[in-house]
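Let's take a walk through this structure together, starting with the whole chain and then stopping at a few places along the way. Have your viewer open and follow along.

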Amino acid sequence: MDSAASVLGGRGSYPISAVIIAQDDEVRISAAIQSCRQFADEVVVIDGGSKDGTVRLSESLGCRVFVNPWPGYAKQREFGVERASHDWVFLIDTDEVVSEELARDILERKPGLTDATVAFSLYRIGDFLGKWLDKGEYLVRLYNRKEYGIRNSLVHEMPEVAEERTEKLNGTLWHQGFRSINDHVARFNKYTDLEAQSAFASGKPFKLSHLLLRPPARFLQKYFLHGLFKKGISGFAVSVFWVMYEFMVGFKHYELHSSGKLTRHNLQGQAGKEKKGERSYVVQ
């Protein structure tokens with residue numbers, strides 16, 4: 001397709017590449033891809049090595065697919081952006097769906113994407129236990145790769161754009177992130193690992209006050225300020241999970257700061273037991 005042409009049909013409109021990073025999600029990726037068709041000139045899928053039909057399905061839907069062994073969120077996202085054909089990039093995950101209103105707004109803005117320094121944020125709303133949560137968040141997802149790169153972080157990897165250089169899009173990005181409680185706990189464990197590692201790597205000190213105050217503050221924020229009390233058991237569960245999240249990040253951050261002491265403690269303790277002839281009950 002000519003670089004000056006677009007789905008909108010005429011010259012002077014700027015083409016957009018939708019970029020999706022994927023891993024074993026053939027159940028959801030089709031909806032994500034289809035929701036971008038109205039405004040995207042191509043859909044690029046970066047697969048981390050799926051064992052299901054994610055790659056095959058993406059190819060059958062006309063996507064440009066690249067397989068890249070999982071290097072981490074930020075690096076995988078950047079890998080995909082680099083392989084896009086166009087400089088204007090729209091980022092989307094496999095469990096997200098662009099609403100009709102959002103798709104139309106992006107389509108209508110395409111002829112006016114003359115300023116590469118302006119990026120666009122959208123409103124994302126998630127679900128939990130079968131209910132959509134009213135309170136969402138604005139995320140930068142449409143931007144020009146010549147102006148901005150992906151934030152090099154272990155978690156929350158997004159285009160690094162100052163808020164004053166962003167404009168808000170109309171419509172909603174539906175985040176169908178809930179699969180099951182077991183899956184949610186597993187992902188929380190992974191994300192809190194990354195959050196704690198990121199804090200430790202940046203030299204952020206562990207503070208007991210944060211561990212004591214942030215979890216209850218997060219519950220009050222989510223349950224009352226964000227109105228999750230209106231969502232019944234779903235809203236209560238989300239609020240409790242946020243408490244768990246804050247505790248897990250805090251304890252894991254402490255563990256990383258204390259890793260040297262813990263290692264010495266374990267070695268000294270084991271040596272003392274062996275000297276006394278005691279049996280170790282460490283779980284293998």
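Predicted model: local features only at pLDDT ≥ 70, side-chain atom pairs only at ≥ 80, totals over all residues.

The protein chain contains eight helices and nine strands. Of its 284 residues, 45% count as buried. The contacts tell you how the chain is put together: among those between residues at least 6 apart in sequence, 71% join residues at least 24 apart.

Now find α5 (181-201). This helix has 21 residues and reaches 30 Å from its first C-alpha to its last, close to the 30 Å expected at 1.5 Å a residue. Which residues of α5 are buried? They are H184, R187, F188, T192, L194, A196 and A199. As you look at their spacing, recall that an α-helix has 3.6 residues a turn, so residues three or four places apart point the same way. The cover over the buried residues of α5 includes α3 (73-82), β6 and α7. After α5 comes G203, with a positive phi near 85°.

Next, turn to the surface. L129, I181, V185, I233, F236, V240 and M244 form a nonpolar patch there, and together they have about 550 Å² of accessible area. The elements that give two or more residues to this patch are α5 and α7 (232-257). Of these, α7 gives the most, with four residues.

L129 is another member of the patch, and it is found in the loop between β6 (119-128) and β7 (131-132). Why does L129 count as partly exposed? Its relative accessibility is 38%, and the partly exposed class runs between the 20% limit for buried and the 50% limit for exposed.

Our last stop is T54, in helix α2 (residues 54-60). Is T54 buried or exposed? T54 counts as buried because its relative accessibility is 0%. The side chains of T54 and D52 are joined by a polar contact of 2.7 Å. Leaving aside residues up to four places away in sequence, T54 touches A22, D24, D25, E26, I29 and D47.

Note on methods. Residues numbered from 1 in each chain as written. Heavy atoms only, no water. Patch = residues over 30% accessible without salt bridge, like charges linked within 9 Å, V, L, I, M, F, W, Y side chains within 5 Å. Areas by Shrake-Rupley, 256 points an atom, 1.4 Å probe, with all protein chains shown as cover. Salt bridge = Lys/Arg side-chain N within 4 Å of Asp/Glu carboxyl O. Buried < 20%, exposed > 50% of the residue type's maximum accessible area, 1.4 Å probe, protein only. Contact = heavy atoms within 4.5 Å. Polar contact = N/O pair within 3.5 Å; in protein donor to acceptor, adjacent residues only side chain to side chain. Expected span 1.5 Å × (residues − 1).
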